Amino acid sequence: MPLIRTLQVLIKLLPSILALRKDRKKWISQEEKEIDSQQFRKNARKVLDTFISLGPVYIKLGQWLSSRADILPQPYLEELSKLQDSVPGAPFDQVKPIIEKDLGPIDKKFDEIDPNYISGASLGQVYRGSISGQQIVIKVKRPGIEKVVAEDLKVLKKILPLALRFVDKNLRYSAKAMLSQFIETIHEEMDYTNESVNLKKIKENMEKNDKIVVPSVYDDYSSKNVLTMEYLPGIKVTNVEALDEKGIDRTKLVIDVHKVFFTMLLRYSTFHADPHPGNISVTDDGKLILYDYGMVGKLDNDTRLRLIRLYLALVEKDPPRTVNAMNDLGMLTPDFNRSVIEKGIELTVRAMHGKKPEQMEVDSLMELANKTMSKFPFVLPKNLALYMRMASIIEGIYKTHKVDFKFVKVVKEILEEESLIKDAYIEELKYSFNRFAKSIDATISIAPELKKFLDDNRSLQVLNSKPKSNILLSGSILSAAIFVGSAVLYTSNESAGIAGMIGSLVVMSIFAIFGKR
């Protein structure tokens with residue numbers, strides 16, 4: 001069976017891999033005359049259809065790839081971003097044993113459960129029910145999904161080395177790291193206790209935010225395979241007609257979506273990483289309801305602060321600081337061309353702060369950025385990739401509504417409302433000081449070589465023994481002694497060490513003046 005499945009996957013994926021190889025080569029070469037956008041999208045749609053036909057693991061893989069600009073050309077990203085987690089559900093008589101094994105008899109635990117699922121996902125499916133008169137939803141793991149995932153992950157590991165032979169060398173390292181991150185993520189999503197923790201954390205963080213509603217978890221009715229939550233109905237966030245009928249201000253709605261998700265990201269470090277339209281609804285009074293907390297990103301505090309620095313630099317129209325923050329985040333390769341990157345950022349900042357650019361300009365900029373990323377074998381950290389996925393899906397929601405919206409203005413409001421600007425400036429000062437400290441460390445590292453040079457020079461001066469040279473030599477020796485001593489002192493007292501180094505230069509200057517007389 002594993003061999004048959006491997007052959008089946010390989011036969012279905014190989015045409016897509018070959019098409020991607022050809023398209024990616026054209027995309028990176030930036031030869032516009034060679035790029036047939038319609039053909040690119042046709043090939044991308046074939047990839048999407050292939051992932052759907054191969055089942056749950058490949059649907060998840062397609063979702064994961066939809067934000068990987070370091071791997072896929074822009075048309076592929078746009079097509080795969082349409083891949084929502086929607087799969088026909090298994091019959092309830094196959095689901096019922098899973099619930100009862102973990103929670104006990106349904107008729108004793110619940111008032112009722114409607115056997116007709118309301119949502120079918122690749123890893124689980126969702127049902128309506130009630131407990132003590134309270135309306136609930138029950139998310140149940142798809143029957144036999146562990147075995148399906150385990151077998152398909154084995155297949156992926158087998159075919160990846162073969163598939164990588166058909167792609168350029170720069171892509172191989174990224175692809176291997178991406179698969180490792182993907183496997184880690186899918187295992188996390190299959191344990192609903194993780195999702196429960198994620199949901200509760202975001203609910204706690206956003207409790208005082210009046211723009212969002214997060215469902216409550218029923219802990220006594222939840223397990224690794226079952227997650228029972230409060231039922232919160234609403235209008236799908238992209239259902240323009242229904243929103244207009246309810247009189248929802250869609251400009252404000254788009255702003256609120258950005259404020260909610262970027263507040264999660266920049267203030268609390270834990271953010272919902274799968275905000276596709278099926279996971280966001282809107283209440284009658286315009287509040288956002290978030291569903292499905294299986295894919296959640298968690299940033300460490302240093303990364304969070306670097307992102308704040310990045311956005312503040314964009315708000316303040318400062319390309320060099322923007323590039324510094326991008327570099328600190330690991331978004332740029334070690335050999336990146338700073339002047340080229342800064343110029344690109346400058347154009348971007350100008351567009352973000354000026355008049356709304358035409359769609360052609362936006363597409364051109366996205367393509368340029370995408371092609372630049374595709375040229376280098378850099379690897380995005382897992383949660384930075386999730387952040388990019390979150391941001392790109394939210395952008396799709398904005399495009400659906402076609403309202404007047406300025407991202408920079410909203411980001412500035414978030415930074416001000418959440419009192420994050422002070423944190424960003426503190427981080428900038430730390431960054432500047434660290435750069436200064438590294439330059440001092442580099443100076444200290446040459447102290448032994450400087451001493452050796454002065455010792456050698458002293459021998460030469462003695463041989464030539466001229467009075468004026470002796471004065472200069474004495475000054476050199478004294479200055480070197482002060483410098484070396486200050487270098488040692490720097491490790492325990494930075495201020496005194498730096499003062500001593502400056503003093504050594506002053507001493508050398510005085511002796512040089514007298515040596516000329």
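## Terms and ground rules

Buried means under 20% relative accessible area, exposed means over 50%, and partly exposed sits in between (1.4 Å probe, protein chains only). This is a predicted model, where local features need pLDDT of at least 70, side-chain atom pairs count only at pLDDT 80 or more, and totals for chains, interfaces and linings use all residues. Residues are numbered from 1 along each chain as its sequence is written, and side-chain values use heavy atoms, with hydrogens and water left out.

The chain's mean pLDDT (the predictor's confidence in each residue, from 0 to 100) is 79, with 71% of residues at 70 or more. Helix 19 (residues 447-464) has the lowest confidence, a mean of 54, while strand 6 (residues 226-230) has the highest, at 97.

## The chain overall

You're looking at 21 helices and 11 strands; these are DSSP runs numbered from the N terminus (helices H or I, at least four residues; strands E, at least two). Of the 517 residues in the chain, 49% are buried.

## Two residues to look up

Start with Leu3, in helix 1 (residues 2-29). Leu3 counts as exposed because its relative accessible area is 61%.

Now try Asn205, in helix 9 (residues 192-205). Asn205 has a relative accessible area of 13%, so this one is buried. Leaving aside residues up to four places away in sequence, Asn205 touches Tyr268 and Thr270, where contact means heavy atoms within 4.5 Å.
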